[in-house]
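This briefing covers the domains, helix packing, sheet and chain contacts of the structure shown below.

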Amino acid sequence: MTEITEVPSPFCGIGTDDLTIKVDGVLLKVIENGCAVNTPAFEQPITDTHARVSGQEVSLEVAVAKAAELLKDTKLPLIGGCATDVNGMRGLLALADKAGAVIDNMNFTGARNNFLALQDSGWMNTTLAEVKNRCDLLLVVGTDVEAFAPRFFERYLWNKESMFLDDTSSREVIYLGRAPSGTASTSPTGKAAQVLPCAIEDLPEVIAVLRALVKKQPIRVTSVAGIAVADLQAIADKLLAATYGVVTWGAGALAFRQAELTVQTLSEMIKDINNQNTRCSGLPLAGKEGDQTANQVCGWTTGYPARTRFSSGYPEYDPFLNETKVLLENGEVDALVWVQAFNVNAVPPETSLPTIVVGRSGMTFTKEPDVFIPVGTPGIDHAGHAYRMDNVVAIRLKKLRDSGLPSTAEVLNAIEHAL
Amino acid sequence: MLIKLTGGIVYDPASGIDGQQQDIYIRDGRIIAKPADAVVDKEYDLKGKVVMSGAIDMHTHIGGGKGNIARTLLPEDHRQDPVHRSDITRSGCGHAMPSTFVTGYRYAEMGYTAGFEPAVLPNNARQAHMEMGDIPILDKGGYVMLGSDDYLLRMLTAKKDQKAINDYVAWTMTSAKAIGVKVVNPGGINAFKFNQRKLDLDEQNSHYGVTPREILRVLATAVKEIGVSHPLHVHGCNLGVPGNVQTTLDTIQGIGGLPMHLTHIQFHSYGTEGDFKFSSGAAQIAEAINRNKNITIDVGQILFGQTVTASGDNMRQHANHKFASPNKWVTMDIECDAGCGVVPFKYKDQNFVNALQWAIGLETFLLVDDPWRIFLTTDHPNGAPFTSYPHLIRLLMDRSFRNDVLATIHPEAQKMTTLASIEREYTLQEIAIMTRAGAAKLIGLKDRGGLSAGNWADITVYTDNVDRQKMFEKPDYVFKDGQLVVVDGKVVSTKWGTTHVVKPQFDASVEKGLKDYFDRYLTMKLGNFRISDDEITEDGRGSISVHPLQGDVA
């Protein structure tokens, strides 16, 4: 039995790396600095140690050979999930290139709200250490931050010391659109966040008015989506008066049609503030289960984010047509490879197509896939790299135990070589 | 296996060989002296061919977050240049900011065998190495960025001595796996976070009270005292600002004789004369370079067309966003460490400023006397994609071609440049110095950039052609570590290059202050920050080559 300290987590997206974990054989217990997201993800027990073909336990070699056989004569296989570490994504992209597959990260439909805004007009963003040391005003748009990452406030807002703020508890937090589910955003001195709720689908209108106010445009109405324009004016004034304002949102939480336009309006508003001689930055929340990792590695390997097909012999990105749901519903693909090394509950979509699952040990299925290869989890069963939400820092994941489970990269490389 | 390259005309400035017919022998990846009666396994008849060592790009943005932002930003650019997979190569995209695999192939297809990323943020160093780890064929390395990091600025404010700073710089180089140190807009990236929008050489950071001049002095001293071969790599203040020629001259004067490399100096050589208040400072800069032997430069030539600028200089990139074309851009403040800015640019020959930028870069190349102290770069992708190097070489080697192009640019720019009157044409030996021997010497690569026995067999073979663009864009053969990787300008096999680093010593007590700082202010534990060797080697492809420091006993 050993205790491992300073363990980084690939699960929460905010790069917590101060966990202490007790290792007893293959059993893990988070004994310090756990949270509702990280603790169950680390403590998930290993149940499957053998690969299966048609539900029968087989050797890894047999399962790999069967996977290659299923992929061999396909016209357009789909590699979905794409939830793994950097080396896993390298293996996944090599396989996709060779097989002429289409790949799609499972969180891309949410992330698309950011990518479309980025690719149309860009943004001014910041990273977590800047927030920790500089942010004096945090505007949260349409997102329950603590449900997403329970320790966000503790680590990055209510830190005891910062380099440029005398008193971190004097930071101001404003929620716009959605109220927080708990009290993590309440300062250590008891100051609660200001909350201006509205229906989530009304956010486009609310944010449009906020941007207009930042630009000092006249607004004739007195209320928008139930929020007094005077309250929005107060937010605009605070953004323009802040030393280092930060605006955060979760792209997936903006669950309404064409939410990319709202991300764009926010990002353009941040630019407007900077053009009025005040610093302000965006901070998109993301980074769970390898979504940033998938987009980063696919980005440098192909030029495009992780919703890209290789069926023409070269990468073709399409944020709409290459979506798993669309491809399956339209019958465009003829096999499914599901790669998910982090989350046993993120199972593949139901399909009658030949299905290969390269998944975390412990995954259960309503319909047994043709091939199931349980793999180790990056940061638990093998070392690796994962990107956190701000897309700059790649954390070095540790190996915590000897489970004997292969890595995603080993399995996908083996399938590629067998093709 | 013994390979013999027979009868080529060799240009090897590292050995003082300037166009002499010589045979070259290769065994186990390295060049060897002519062996006594050994049997040649493979012979290449190179009679009449031009032979140089593999070219080295000493400043090219090929790894790290800002490059990947640039890629993500520009899907429409990639769609103009899709790259098919083959039995031996991976698919990807090309043009302004190519995918990693295509970067390796296209550099190799031009005869390049190494590239160095000049802007490795300590907090983003893992990404830089992971991206470069997916660049095939090329050797690579990085210069770690300091000078706007809060830790250094706090040290300067606290008046820490030079020894403490040397330890911090050495620790950072070792932690980030670097071979050099770069500073970008010294202190300016940091000042931008405090809402300063410009920072002159002697202007104080509003929080720390530290000036760029002080930062440059202390970092240049550290690099020299640690014994790093590559002098402090400097992207100066006021990039792109008309009148910045004076800033650059003051920067040269202010470094007080310490070794210093001024990068993409074209962007820092602007005067304010003429109707458009924008003029060439190249002659003054070249004169200063010629006079100050402690200074080296690379040019950062611009060439006309679409590209994207990706820089650590978020202060200047924010100011330049109004020139974005297409109109979209990104800036970031990063981890109390640095920043970045990504702005697409389309340089136009009928735009007065762009046309004069083009002329200023060429004037600089042609007016600096010593090819050992000037390097051929476009600051890829900022001035132009690296694939434009053969065209640039023709501009330097062929005066009539140069003047033909000059006659087509914005007429007012033609009037504002002395280019037409400059007769110099670069020789093959001078090109070999700038792109091979000089670059290897500057970076401190102990066994690259030359063709004498003991060097790794990175070798490029060209067919001599008066059209130098045609000659340099399609080598007959390229060998990397003795392996034939390119024939007739096409990749025929691939391999993985090594990562070049230095490992300077530091006083272990430096980590005491750093650990406290990381725990209090940063978002990562110190132990999780340091990059271990196996992060580069564990996938079985990468390797690390450690180079000696000055003062090391060989």
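**Domains, packing and chain contacts**

Chain A is divided into domain 1, made of residues 46-107 + 289-418, and domain 2, made of residues 111-285. The model is predicted.

**Domains of chain A**

- The centres of domain 1 and domain 2 of chain A, taken over C-alpha atoms, are 34 Å apart.
- Eight residues from domain 1 of chain A and eight residues from domain 2 of chain A make up the contact.
- On the domain 1 side of chain A, the residues that touch domain 2 are four nonpolar, two polar and two charged.

**Helix pair α3(A) and α11(A)**

- Helix α3 (residues 86-99) of chain A packs against helix α11 (residues 291-302) of chain A at an angle of about 50°, and their axes are 9 Å apart.
- The two helices, α3(A) and α11(A), are therefore oblique to each other.
- The crossing of α3(A) past α11(A) is right-handed.
- From α3(A), the contact is made by A:V86, A:M89, A:R90 and A:L93, and from α11(A) by A:T293, A:A294, A:V297, A:C298 and A:T301.
- Six nonpolar, two polar and one charged residues form this contact of α3(A) with α11(A).

**Three-stranded sheet in chain A**

- Three strands of chain A form an open sheet in the order β1-β2-β3, and their pairing is antiparallel.
- β1 (2-7) and β3 (27-32) of chain A are at the edges with a single partner strand each, so one side of each has no neighbour in the sheet.
- From one strand to the next, the twist averages 30°.
- Strand β2 (residues 19-24) of chain A pairs with β3(A) over five bridges in the antiparallel sense.
- Opposite A:V23 stands A:L28 in β3(A).

**Contact between chains A and B**

- In the contact between the chains, 52 residues of chain A meet 47 residues of chain B.
- Elements of chain A that give two or more residues to the side touching chain B are α3, α4 (108-120), β8 (122-125), α5 (128-134), α11 and β22 (394-397).
- α5(A) gives the largest share of that side, six residues.
- By class, the side of chain A that touches chain B has 19 nonpolar, 21 polar and 12 charged residues.
- Strand pairing also links the chains: β8(A) and strand β18 (residues 329-334) of chain B pair over four bridges in the parallel sense.
- A:W123 has B:V330 of β18(B) opposite.

Terms used:
Residues numbered from 1 in each chain as written. Chains lettered and ligands numbered in written order. Predicted model: local features only at pLDDT ≥ 70, side-chain atom pairs only at ≥ 80, totals over all residues. Pairing = 2+ DSSP bridges. Axes fitted to C-alpha atoms, helices over the stretch in contact; angles between N-to-C directions. Parallel < 35°, antiparallel > 145°, perpendicular 65-115°, else oblique. Left-handed = near helix turned anticlockwise from the far one by under 90°. Contact = placed C-beta atoms within 7 Å. Nonpolar A, V, L, I, M, F, W, Y, C, P; charged D, E, K, R; others polar. Domains from an automatic or database assignment.
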